[in-house]
Structures are given as structure tokens and as C-alpha cells.
Amino acid sequence: MEDLKELEANVLQSINNAADLRALDEVRVSVLGKKGSLTEKMKSLGTLPQEEKIAAGKALNILKNTIETAIDSKKHELETAELNKKLAGERIDVTLPIRPETQGRIHPVSKIYEEVVAIFGQMGFEVAEGPDVEDQFHNFNALNMPANHPARQMQDTFYIANPDSADFDDSFVVRTHTSGIQIRTMEAKKPPIRIIAPGRTYRSDFDATHTPMFHQVEGLVIDKTTTMAHLKGCLYDFVKAFFEIDDIKVRYRPSYFPFTEPSAEMDIGCRKGKEELKIGEGDDWLEILGCGMVHPNVLRAGGIDPDEYQGFAFGMGIDRLAMLKYGIPDLRTFFESDLRWLKHYGFVPLDTSSMTGGLSNNGGLAR
Amino acid sequence: MKFTLSWLKEHLDTTATVDEIAERLTSIGLEVEEVFNPAAALKGFITAKVEKCEMHPDSDHLHLLSVNNGKEVLQVVCGAPNVKLGTIGIFAPVGVIIPCYNEKLTVGKIRGVESFGMLCSEKELCIGEDHNGIIELPADTPISIPAAEVLNIDPVIEISITPNRAECLGVRGVARDLAASGLGTLKPLEIKKTNASFKCPINIRVEAPEACPVYTGRYIKGVNNHAETPKWMKARLSAIGLRPISPLVDVTNYLNYDLARPLHVFDADKLKGDLVIRMAKEGEPFTSLEEKEYKLDSKSLGICDDEGVQCLGGVMGGLAKGCSADTTNVLLESAAFKPECIARTGRHFQIDSDSRYRYERWVDPNSNVMGSDYATSLILDICGGEASEIVICGEENYCAQPVTLRYERVKTLAGIDVSKEEIIRILTALGFKLTDHGNSVEAICPTWRGDIEFEADLVEEIVRMVGLDNIPATSMPSDEFPKQTLSAKQQRVVVTKHELASRGMYETVTWSFTDSKLCQPFRKGKNPVKLMNPIVAELDEMRPSILPNLLLAAHNNIARGDNNMALFEVGPEFYGCRPTEQGTVAAGIRCGMTSKKHWLKDERAYDVFDAKADAIAAIAAANGPWDSAQITTDAPEYYHPGRSGTLRLGKNVIAYFGEIHPMVLKAYDIKGRVVAFEVFLDNIPLPRINANKSKKKLELYSLQAVDKDLAFVVNKDVAAANILAAAKNADREYISEVRIFDVFEGGNLPENKKSIALSVTFQPKEKSFTDQELDGLMKKVILEVGKKTDAVLRQ
């Protein structure tokens, strides 16, 4: 038994001294291998008398367990050390920047389109569309603007020759407003009608505040009972929702449009500072849209009996709404495709607009 | 339209302030653009009296004053020659801003003597031109009262007039509107009738009554056009920006703005023969008083003598027979011209004038004699002379058709309750002649207005006067559950934009126009859609493709130093002149590198597969069956012939993608490669309405799939897609996916060959494959690919 004690002490010492996994394995083989010292002792048990055999076997088994446990423990210790050493060698500078990613952008015009659609959708409007190149009937005549109407000169119109007619009066126009869609809608469906018609519009005007192309959204409601009170309610609800200001100030001024009677313009309260414009406070007024009750001649042109039906129409600038809500200073920059502008004023791809999920700023921060 | 407050008060009896008037004008539809009120700048200026006036000890022209402003007596140094003891003037205390200099007044030290304020001239206060001395107020003027109360200040109001309100192009019309709104009373218009002392010596004949229903002429002899226009008239004309010229011109200008009554004055001595109002002859020459020459046509109305057209009726006078300073005998024209004729002539010859502006909107057709009388009395007063009898061709008998207003219509159309009494009061004040029929009223529009045709027009008159702000605001009733706002076709445009943006592209919006000189290759054989009147030469065609504008954008960004970009636009392109000959296209370009230099060094140049990926993503976003689209290599000529493709569904092209042809890039001055795609959204079928929304059943197999690699050698011109398709179709049941993992040319391969390596996934279903089964499946692939493409397995 004395030599078992000595063996144990020696083996444990060697295990403890093992510098790495290979040295440890050598110890294991030397003790527990086929020819290992302990294995040899196990083998020699058979030579012992029966009464000693049991006690000696037990002692050997205990020793074997002790050694195995010590090896496992040492093995774990060495493995950990080895891994730590490996990990220490793998250190990288995580303060280095990430791989370049480009987060795309949605143009402000598309963003406002989505916001406007979301708000009017809530009020039961559908979106109608029409062609950019229009005939004069839909762009002018049907809207109570016959050829000599002075209002036709308020709009600098782009013309396109009609391949089927040399007569100037038959030439086509690049639509000066999306109002022609009113007529197309009336031609296509029966009242009640609630539509908005967003789209590109064109006028021959190019200076600090005008571009030859811009965007408008037209609205049309036709039924038997809609009055100017609804017009005011609808537009007030719109500007309140759009500018996300609960107590926005508005006023209406009588105005003139050939296609509405009575006609009005709507202003919103604001403060005009030197650098910026603050919507919803202050004593200044800012014109935001034109509107009115649909002119009987327009209803007639759309095939609707003005003695039975009535309604309202309105029109406003989408680009202008974008400038006002998001503080974009210059209309011309909308159409310049300047990457720096698109990145700055554009909206992140997940920024979608709804009355349930939020109208704006809900796509996370720009990267 | 501009006028001064005193001018307005000539027609309107009111105590309202200029601010109250401005606010009311806007609320009744005469929108105020600007009020220029010099009084606004005079806050702090007060009356004060000179109580001591001595010479400055160190000057021979400066005075040293003691000025009493009512609160204190201050020492003031004054240089005005007219200052004297007892003068009451306008005192500017230290701290106010002197309007003329726009500078704050400080304590001054003039030749060693301190000055605590100053006495002002008219010019310094911006209320007049006089700068010869300080303002001297009447001796009984109290001191210490605000300057604005004692000075004769006449604010100028500028309003914008909508085309329907022609009568408000005269001050009297504005006054009438204000009176009807309750802001004062309209004063009666008193016009002196002149005693005619002789018969008009010129015969006048109207041969075009359809364009000129009434023409009046009056001969005035012996006028002195060198006389001075009265100060009040000059002041009013100057205030609204019209330079006084001579009494004859000033009187006609004044009536244009006072009563919206255009007039014309001929030098009668220059007229030859009878005055005939007729349509011009085709090509008949006319030289306007602006010295421009025109060739008239038969739709233009001429006021003519024996020597031709001397005035383009209602539009502009002629050079030859106009008045000069030395004119002594004149013929005064006051006439009614048809708006359509004036509008057409003005537009056709592009002549703008105050006269045209009024006639094409509306000029009271019954105001010709009145206008002539008024102008005659003014001319005789100013220039002297003798007036003839008036010659009147035609009859002043215009009467508007009556319009009926049901009283309840104000409520049912405008949504506001207005009493019958108030309706009658308003319409009467606006000049309507009314006949009450109990529930409705018949209204005859006054002759000075041409814009009242329908019941709705009368409702507008009522709401204008009652105030739109008094109409209640009622939210839209929602008795029906709303439908989806966007149609499937509209919705997919939105989704496509977000998909492309999520792929790192910037959305842009470019003109629907483009440059015809640069877009020729993009027309795809169609005729150009040219504008007849482009705003600039570079925007003269409706774009046949979005790409030209994106290439211009690329050029501009590169010029700014941004070489790497990914831009897209979703919008219209035009393939014909007629309405609806347009389509909606999602198009994009990428150029440069995926990023700038970076420490991981994985930036790379954009290539055709980026454009192809964009196209496929856009198609998928638009619900297009991208996976079943066929790819061919016949993209249009503006693409690189060897690096571009077409995606088709049946016959329909749903997309092009590829590198842009270098020749095209050269035209756009772009160096380096640009890849692009165009997805034609209209060619992607829309989902069926009420299509079943349930997804296909998911088949999951518990057995692991097996991947096997096979490399083929094939002719270079064989499309990879064909090899992929052949492999996929080799066994429809067990082959679940085929990928290309290597493409190789050169090495020990023959010149015209390439190697394509496929990785094929076999999916066992009920039981695992045996070796033989797997072998069999691979043989099927080899056989099928070989059959379809002549490919052989690479050894």
C-alpha cells in the first residue's frame, strides 16, 4: 500500500506538471495506458491471494478514479488556457467602421403622396389617375374654360401637336392641372364620388418659385348633399392631420376658379421668420390650396345633372406641401437629382405613411 | 390693382382704418397683396414747438433750438433754412428710426454742440418729396400728438383681382364691394354733363357691330395739352406707379383705374376722312404707339381712317394718329368691345395693355356715354377747349339675363343659414335689381358685372359678403365603410419604390421632358413627342424613356465629384402624342463603385448583374412572376450589345437591363460604365380581383436533401439559363434546386468552349436514395443537359 501512495503522489505531481495537452496525454498513457504503471498493477491483481485481491482491487480502483479525475480536471484547465490564448490572438479592433452600406431614399414627392393618400383614404376617398398629355376638352373646356376664357391665360400651357389635326384648337396639352381627372372620373362612374387625383402637372414657368413641372393633388366629392361646410371640414381635417398640429389656424378667402362656384382659397396660420417658416403659430398667413363647389357647367360636362348632384373640388401642390411640412427651401431642388439633396431630404425606405401606423418619421433614423 | 386710401374714400364714405379695410378686402375676395402705409414708420414721431431759435455759435447757417415736445424742452441743432421761433413741426426723438435713412437717431454733436433729436422734412419721413425745409404745421396744431394724426398720409393698397371681378379694376368697384360688406356707404357718382357747342365734324361709322356694339366719339377743339395735370390726380397716378405724362394721357389713365373705363384719344387733326370701326383686312399693317409693327388679320378690330388702321380697338392705340404735347383738337373714344374679340387679338399679337386687360374681362357695356362725359369734363377743366355733341353708334341697351336664387340654396350649397332679408340687402347693395317671389328671388345683374350666370354665382355673392369663415366646418360623413384607397396598380408603384430604396437606391424625380438632341436612341423607333412651345431648348420633348434624364443626373453628380451612385425613378414615359399613349416605368442606374475605398477592401464596380438584380427585385415588388420570365439578349440599341438583356412574359417585354452603350454615354459626357434597368409596370399582369389569398401548401420532407456537383463543357454561345433549365427539368420530382457555382473559360479548354459547374439538390421524399437511384438521377441530368445544349460532362 505504501507504493500505491507513492505512485499516487508521483502521478498527481506529473499531471500537475503537464505543460500542455500532449504532456498530459503522455502522463495518462504512462499510468493508464496498456503498459501503464497502474494498468500493470491491475494486471498483477490476479496473482494475489483471494482475500487480498478484493482490498487491493478496491484501492487500485479508487486510485484510478482519482487519477482520471485529476487528468480531466487538468485537461479542462489546459484547454481553457489554450482557448484563451487562441482568443487573445484573435483580437480585432472593433472600433473599426462597418462595411459600407447605402441606405436608399424615397423622394419627398413620393412621401407626401403617401401621406396625402393615407389621410384622404381615411375619409373614404379613392385615388384616380389620368394622362399627362390631355386633350383641351378635359384640361380646359369641360372645366368651364372655353378657348377665350381669361383664366386660360393664367396658365402657361405646353402644347403638343395633334397628329390627326392641324387646327391649333385640336392640339393636345401637357396637363396644367390634374383637374381633368375630375371629368374623366365623372365620365367613368356614377356618384357618389370621392376621389383624389395626385400627379405631375406642367406650366411654362421657370423661376425661383416655379418649375415647368410640379405635382398637384386634386380632390372631388359629388353626391346630393355635400355643402361648403363639408368642404371646410374635410380640408380642415386634412391640414390638421397632415401638419400633425391639433390647433392649426386656417382661414378661407373668396377666390375665383372657372371650375368652382363659389370658390375659395385656404390659408394656414404661420410665422414667417427670416430663415424658417413655422406652421401653426404666428400671425402670418400662407396660401395652401384652392377649392370650391363644383361649377354646374363642370358637372354637365362630366355627364352629371347639376340639378340633382353637387359637391366640391380642391387642388393643392404636393411639392409645396413637402416644402412646408419638411422645411425644404427651394422648389427647383426637387428635380435636380443632387445626391446630397436626395440623401438629406429623402426618406428612409421603411418610412411609410398610414393613419394607423403613423404618418411620418416612423421608418427609423437615417443612416 | 393699386389705389390710395384717399382715392377709395372719394367713392366710399367710411371711418374704417386702413387695416380694417385691408382685412375686409381679403375676406370679400379682393385679396390684399400689400399695404404700403408710411404712417407705420412714424411711431414715436410727435408734434413739437420751437420755443427758442438762436444761431449756432460756430456756424453761419445752423440754428440752435429749444424744442418743446410737451414733456420736456430739448436742445436741438437744426440746419433747415425755414426754421424759426414758434414753428410747429414733426419732432424725431432720440431712438426712433428715420424712414428715409432707415437709421436710428442718436444724440448728435454738431460743431461741438449736442443735439437731442431733430425736426423732419417730408422726404425724411417718406411722405413726400420736399426736402427744402422742415415740415411747418399750422400754428394751432397741438404739441405732443403722434405725427401720423396731423400729417396728410395716404397709404397705398394693392389687391389682386381675380378674372371674374373686372369691375374691381376700378376703384369705384372696390368701394361698392366694401359698402355691400357693411364697411361704409357708396357715395353717388356725380358727372357734369358738358354743353355741346357744335356738331362732331368727323363722321363715325361702325361696320363690325358684333365686335363693337357701341362706339361713341366726341370732338374737343382747342385743348391745351401743355396744361398741368392737377396735383391730386398726379399724386394718385404716381402712387399707383403710373407716371404722369400729359393731361390727355393722365385723364384716360385715371378713368381706367377710377371707373375701369378704358378710353382712347386721337389727335383729330391727324385723322383723314371718316372714322370707321371695321375688321382689319388680312395682312393690313398697323404700328402701335409702342412703335411695334403688326400684320393684322380679319379677326382683329380696327379703328380706321382713310389711311388705314389707327387703333387696334380696345387693345392699343396707333403711333400715327396719337396725341402729342402740341395736340389741340382731339377725338375722344369711349366704346364697348366684345371680350372674345379683344382677348383673341391681344393673345394672337401678344399685346398687353391696361385696356385689353379690362376689355377681355368685362367693361360695363352701358358706360360709354358716362365715361365720355366724365373724361370730357375733366379735359375741359384741365386743358380748356370746347366739346362737340357726342356721336353714339349703336345702343347702350345691354341687360343681363335674370338669374333665380332659391333662398334655401344658400344653405343647401354653402352650408350656412342666411336670412332672406340679408340676402336681399347684400344683392341690392351689389347693384342687383331684384324681384322677390316668396321662396326665391329673381336677380338682374348690374351691367358692370359680366360674371353672374347661375344660381351658384349668386350664392357666392352671399357667402363672400357673409364671410367664408362663418360657414361651419363639418367633417366628411362616413356612412359607408371605405374601400381600399389605392388600386392594385397604384399600390405596386408604392411598393416598387420602397423595394428599390431598400436596395440602397435613391429615388429621384426628374422632368417628364427631356432633350430631343440627346434622347434619340431611346425612342425605340417611335416618333418623338415634341412640345410646340418648350420652355427651354433642352426640355423640348416628352421623354421616351426615363433613362436620358437619369444619365443627365449622373453626369451632373459626377461633375460635383460624386462618382458612385444608384438612382431610380418611377414615372411616366411617352410613346405617342395622344392622351394615354404613355406608360409607367421603374428605371434605375448604377455607376461607379459599390462604395468608396474601405479598409475591408470589398468595394467593387457595379456590373450588369446589379442592374439585373434591381430589375428582378422591381418586378417581384410589382407582383410580377419574375421567375418565369424569359431572358433574351435583344435589349434596345442604347444598351451594350453584349452586356444586356430583355425579360419577357410571353410577348410582353417587362424589363430591359444591362450596361448603357458607350456611344450613348459619350453623348452624355459620362466616362466609365453605367448599368441600368427599366421595368415596364404596365406589362406586368395585375392580380385577379378577388383572387384566392391562401398560400400554396408547404411541403416539408423529413429526409435530408443531397447536393451533387456536375461540371459541363459547352459551346461559349450557349446561354447559362438554358443549361439551368435543362438540369431543372431533368427530373421534376426529385430535383428541387440547381445552382451555377462556377463559370470557367480558357485554361486547357478549347477556344470556343466554356465550363459551367452545377450544384444540384436532390430531395428524397418517402425514403432515402440508394446509390443506384442517386446515380440514375445524375445520369438524367447529364443526359438532359447534353440533349438540350450539347454539353458534355467535364472530365
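**View 1. Trp285(A) and its contacts in chain A.** Setting aside neighbours within four places in sequence, Trp285(A) is in contact with Arg251(A), Asp267(A) and Gly269(A). Please keep in mind that this is a predicted model. The tryptophan belongs to strand 10 of chain A, which covers residues 284-294. Cys270(A) sits 15 residues away along the chain, yet its C-alpha atom and that of Trp285(A) are separated by 5.7 Å. Is Trp285(A) buried, exposed or partly exposed? Trp285(A) has 17 other C-beta atoms within 10 Å, and a residue needs 20 or more to be buried and 12 or fewer to be exposed, so Trp285(A) counts as partly exposed.

**View 2. Helix 12 of chain B, a mostly covered helix.** Here you can follow residues 455-466 of chain B, a helix of twelve residues. From first C-alpha to last, helix 12 reaches 17 Å, close to the 16 Å expected at 1.5 Å a residue. Twelve of its twelve residues are buried.

**View 3. Where chain B meets chain A.** How many residues of chain B are in contact with chain A? The count is 82 residues of chain B, touching 72 residues of chain A. On the chain B side, helix 13 (residues 488-502) provides the largest share, with seven residues. Sorted by class, this side of chain B has 39 nonpolar, 25 polar and 18 charged residues.

**View 4. An open, four-stranded sheet in chain B.** The strands run in the order 40-41-39-42, with antiparallel pairing. Strand 40 (735-745) and strand 42 (792-793) each have a single partner strand, so they stand at the edges with one side left without a neighbour in the sheet. To find the join between strand 39 (residues 706-715) and strand 42, look for two bridges in the antiparallel sense. Val713(B) has Val792(B), in strand 42, as its bridge partner.

**View 5. Two helices that pack on this sheet of chain B.** Helix 17 (residues 720-729) touches strand 39, strand 40 and strand 41 (753-762). The direction of helix 17 makes about 145° with that of strand 40. Helix 18 (residues 771-789) touches strand 39, strand 41 and strand 42. Its direction makes about 25° with that of strand 39.

Note on methods
Residues numbered from 1 in each chain as written. Chains lettered and ligands numbered in written order. Predicted model: local features only at pLDDT ≥ 70, side-chain atom pairs only at ≥ 80, totals over all residues. Contact = placed C-beta atoms within 7 Å. Expected span 1.5 Å × (residues − 1). Nonpolar A, V, L, I, M, F, W, Y, C, P; charged D, E, K, R; others polar. Pairing = 2+ DSSP bridges. Axes fitted to C-alpha atoms, helices over the stretch in contact; angles between N-to-C directions.
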